[in-house]
Amino acid sequence: MLYAFGFERIGVVVSDLYFIDPDPEAGQEGAEHGVRLELRMLQEGALKGSIYSARPISIDRPLWRVDLLESVDGPTGSMNRTHHHPRFDGWEPGRRVFVKELSADPLKWVGQRLSDLPGVLADAGVAEEEVAPTDAERLREAAPRILEVIDRLLNGVWSGELGQPPHNEDKLTEARVSWL
């Protein structure tokens, strides 16, 4: 399931996720599931018809990612694989960064980061001029609704409804089931 929140130049997308890393770091082997959030640039396209036509909208370049993940084989709610990627190189995320406070209270940590767009952009190496002057305030105002979506998706993962492996899971060595 994919949720999207759009502001003027940035957006937040949130989705459930099932993931098997084909080249995991030590201690990160095996399937993971949970919720992924990405801060992305939005691109507005030109109308493709009359003034009444639908406008193309692209959810474009990623700036920051949070993966609220846990091992599929681990205890529910452990958040033992929860991390973030503060910086992207184009479309490729940087290395996983594990933060104790993120794993301990993911919703609180994500809420604090969503309320500090200038700090997130600085960590991502993105100039504040790339976003609209109103994006930080609108993101801060929308943060409680984004956190509600994350909570709903996490509960769906924990109930077994979301974040599930692909149907052909025989001997998977890599997998990614998600919009993100």
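Is Arg65 buried or exposed? Select it: Arg65 is buried, because its relative accessible area is 9%, and buried means under 20%, exposed over 50% and partly exposed in between, using a 1.4 Å probe and protein chains only.

Before moving on, a word on what you are looking at. This is a predicted model, in which local features need pLDDT of at least 70 and side-chain atom pairs count only at pLDDT 80 or more, while totals for chains, interfaces and linings use all residues. Residues are numbered from 1 along each chain as its sequence is written, and side-chain values use heavy atoms, with hydrogens and water left out.

**Stop 1: the partner of Arg65**

Glu38 and Arg65 form a salt bridge, with their closest N and O atoms 2.7 Å apart; the term needs a side-chain nitrogen of Lys or Arg within 4 Å of a carboxyl oxygen of Asp or Glu. Glu38 sits in strand β3 and Arg65 in strand β4, 27 residues apart, so this pair links distant parts of the chain. Helices (H or I, at least four residues) and strands (E, at least two) are DSSP runs, numbered from the N terminus. Glu38 counts as buried too, at 1% relative accessibility.

**Stop 2: other salt bridges**

How many salt bridges does a search of the whole structure find? It finds ten. Go to Arg95 and Glu25, whose side chains meet at 2.5 Å, N to O. Arg95 is in the loop between β7 (92–93) and α1 (100–104), and Glu25 is in the loop between β2 and β3, 70 residues apart. Arg95 counts as exposed at 60% relative accessibility, while Glu25 is partly exposed at 40%.

Next, pick Asp116 and Arg113, a salt bridge with its closest N and O atoms 3.8 Å apart. Asp116 is partly exposed at 31%; Arg113 is buried at 15%. Then select Glu32, Arg81 and Arg96 together: salt bridges link them in a network.

**Stop 3: two tryptophans**

Show the rings of Trp64 and Trp109. Their centres are 6.3 Å apart and their planes are at 40 degrees, so the pair is tilted. The rule pairs rings of Phe, Tyr and Trp (its six-membered ring) if their centres lie within 6.5 Å, with planes under 30 degrees apart counting as stacked, over 60 as edge-to-face and the rest as tilted. By this rule the count is one aromatic pair. Trp64 belongs to strand β4 and Trp109 to helix α2, 45 residues apart, and both are buried.

**Stop 4: the core**

Which residues have the most contacts inside the largest nonpolar core? Select Val12, Val110, Ile146 and Ile150; that core has 37 residues. A nonpolar core is a set of buried Ala, Val, Leu, Ile, Met, Phe, Trp, Tyr and Cys residues joined through side-chain atoms within 4.5 Å. Elements giving two or more residues include β2 (10–20), α3 (117–124) and α4 (135–158), and α4 gives the most, with eleven.

Centre on Ile146. Beyond its neighbours within four places in sequence, Ile146 is in contact (heavy atoms within 4.5 Å) with Phe5, Val12, Val14, Leu37, Leu114 and Leu139.

**Stop 5: out to the surface**

Finish with Ile51, in the loop between β3 and β4. Ile51 is exposed, at a relative accessible area of 70%.
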